[in-house]
Amino acid sequence: MRIAVPKEIKNHEYRVALTPTGARELTGRGHQVSVQAGAGEGAGFADRDYEAAGARIEADVATLWQDAELILKVKEPQAEEVARLTPQHTLFTYLHLAAEESLTQGLIESGATCIAYETITDAKGGLPLLAPMSTVAGRMAVQAGAHSLEKAQGGAGVLLPGVPGVAPGKVTVIGGGVVGENAARMALGLGAEVTILDKSIARLEVLDDRYQGRIKTVYSTADALDEAARTADMIIGAVLIPGAAAPKLITRAMLADMQPGSVLVDVAIDQGGCFETSKPTTHAEPTYIVDGIVHYCVANMPGAVARTSTLGLTNATLPFVLDLADKGWQQALRDNPHFLPGLNVHDGQVTYAAVADAFGLTSIDPAEAVNR
Ligand SMILES: NC(=O)C1=CN([C@@H]2O[C@H](COP(=O)(O)OP(=O)(O)OC[C@H]3O[C@@H](n4cnc5c(N)ncnc54)[C@H](O)[C@@H]3O)[C@@H](O)[C@H]2O)C=CC1
Ligand SMILES: CC(=O)C(=O)O
Ligand SMILES: [Mg+2]
């Protein structure tokens, strides 16, 4: 198979979808790997490292895309990348389509086969290609939020651990999955008072057992959200309904109940965000203020720690990449029921129901697409 690895072009995105180690696995099986010149630089991989792994370096981005069958990326395609997609391409990357109607439309019109990392499942009910980046983003959320609490950033001037004689700051995490647990762990490590809200009792049981009362667990209701708004110095949004647009859990009206200079960190922004006042920001300008509340809404948080993130992400994606290369997308998805829900768009049709629902489109069953 002819495989292409473009250089990521989203703002301050330094990850790359394939390491030289991964390239060596692919070329060793007889596949042709072309890597855009400089694609690995931000993650610490030089062109010569890919060449040593048997890959070709391609300087011309148009040629790279035109020659490829399988395109490996990290972030959802940007407009100029969507324009390069054709029916010959299988695209494997994060897509987060429910948050972006124009991207969804662009992929439909491209005719390409588009498989999302974030909707692939595992036998334990998890999302194994989202989890490593959720771990990174959860861990970063507290450091981003703590910085945002400083006065120079518009924050309330609260130091999360407090000092002897001064109580620690309060952090509430909404959604106790991978992002939420990792954020809570970091906040706990900093000495903050930490509460996790979740709709899943089973998940709250796991967290309660794991942290033995050091983290408060609360069933997520409108009352619990009101209480969080009134009391928390920092609220971290970490909910997910796989593939779907995030529910808006903190409304603009609720900002009036928050202490001025409190911080909202919306990690769920890649699925549209779980605060009404959230809008995607970039690492170049990560925060903005609404009604005195600092908002941090970077949609590619792991891109800032590209070395760690690239290694973590590609450990998880490589087995799926090898399957796509060896078998082609149809057979690979037919053979693995957990790979199948990764298919989001094929041949002009949406194949993931929650994405279609977000925009009032119709979808077809991915099983129908792979058996055509
Ligand atoms: N901004 C960024 O750079 C990144 C964002 N993310 C995003 O973070 C979000 C969370 O991801 P994960 O932690 O991996 O998901 P997860 O599936 O592990 O956890 C989500 C949790 O939210 C809970 N939940 C769902 N609806 C809820 C509600 N109404 N109230 C309270 N809890 C609710 C679920 O029960 C689950 O425990 C996703 O949107 C993901 O795409 C992940 C990585 C990077
Ligand atoms: C999951 C995601 O959006 C990211 O890693 O950028
Ligand atoms: Mg996005």
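1. A residue is taken to be near, or around, a molecule if one of its heavy atoms lies within 4 Å of that molecule. On this basis the residues around ligand 2 are Arg 15, Lys 75, Tyr 94, His 96, Leu 130, Met 133, Asp 270, Ala 299, Asn 300 and Pro 302. Please keep in mind that this is a predicted model, in which local features need pLDDT of at least 70 and side-chain atom pairs count only at pLDDT 80 or more, while totals for chains, interfaces and linings use all residues. Residues are numbered from 1 along each chain as its sequence is written, chains are lettered from A and ligands numbered from 1 in the order in which they are written, and side-chain values use heavy atoms, with hydrogens and water left out.

2. For ligand 2, polar contacts (pairs of N or O atoms within 3.5 Å) involve the side chains of three of these residues by name: an oxygen atom of the ligand is 2.7 Å from an N or O atom of Arg 15, an oxygen atom is 2.7 Å from an N or O atom of Lys 75, and a polar side-chain atom of Asp 270 lies 3.1 Å from a ligand oxygen. The protein covers 95% of the 210 Å² of accessible area that ligand 2 has on its own, where areas come from the Shrake-Rupley method with a 1.4 Å probe.

3. By class, the shell of ligand 2 has five nonpolar, two polar and three charged residues; here Ala, Val, Leu, Ile, Met, Phe, Trp, Tyr, Cys and Pro count as nonpolar, Asp, Glu, Lys and Arg as charged, and the others, Gly among them, as polar.

4. Turning to ligand 1, 28 residues surround it, and the closest are Ser 134, Val 179, Asp 198, Asp 270 and Met 301. Oxygen atoms of ligand 1 lie 2.7 Å from an N or O atom in the side chain of Asp 198, 2.8 Å from a polar side-chain atom of Asp 270 and 3.3 Å from a polar backbone atom of Ala 299. The protein covers 89% of the 870 Å² of accessible area that ligand 1 has on its own.

5. Which residue classes make up the shell around ligand 1? The residues divide into 15 nonpolar, nine polar and four charged. Helix H6 (131–148) and helix H7 (178–189) are the elements that give two or more residues to this shell, and H6 gives the most, with three residues; helices are DSSP runs of H or I with at least four residues, numbered from the N terminus.

Key: Polar contact = N/O pair within 3.5 Å; in protein donor to acceptor, adjacent residues only side chain to side chain.
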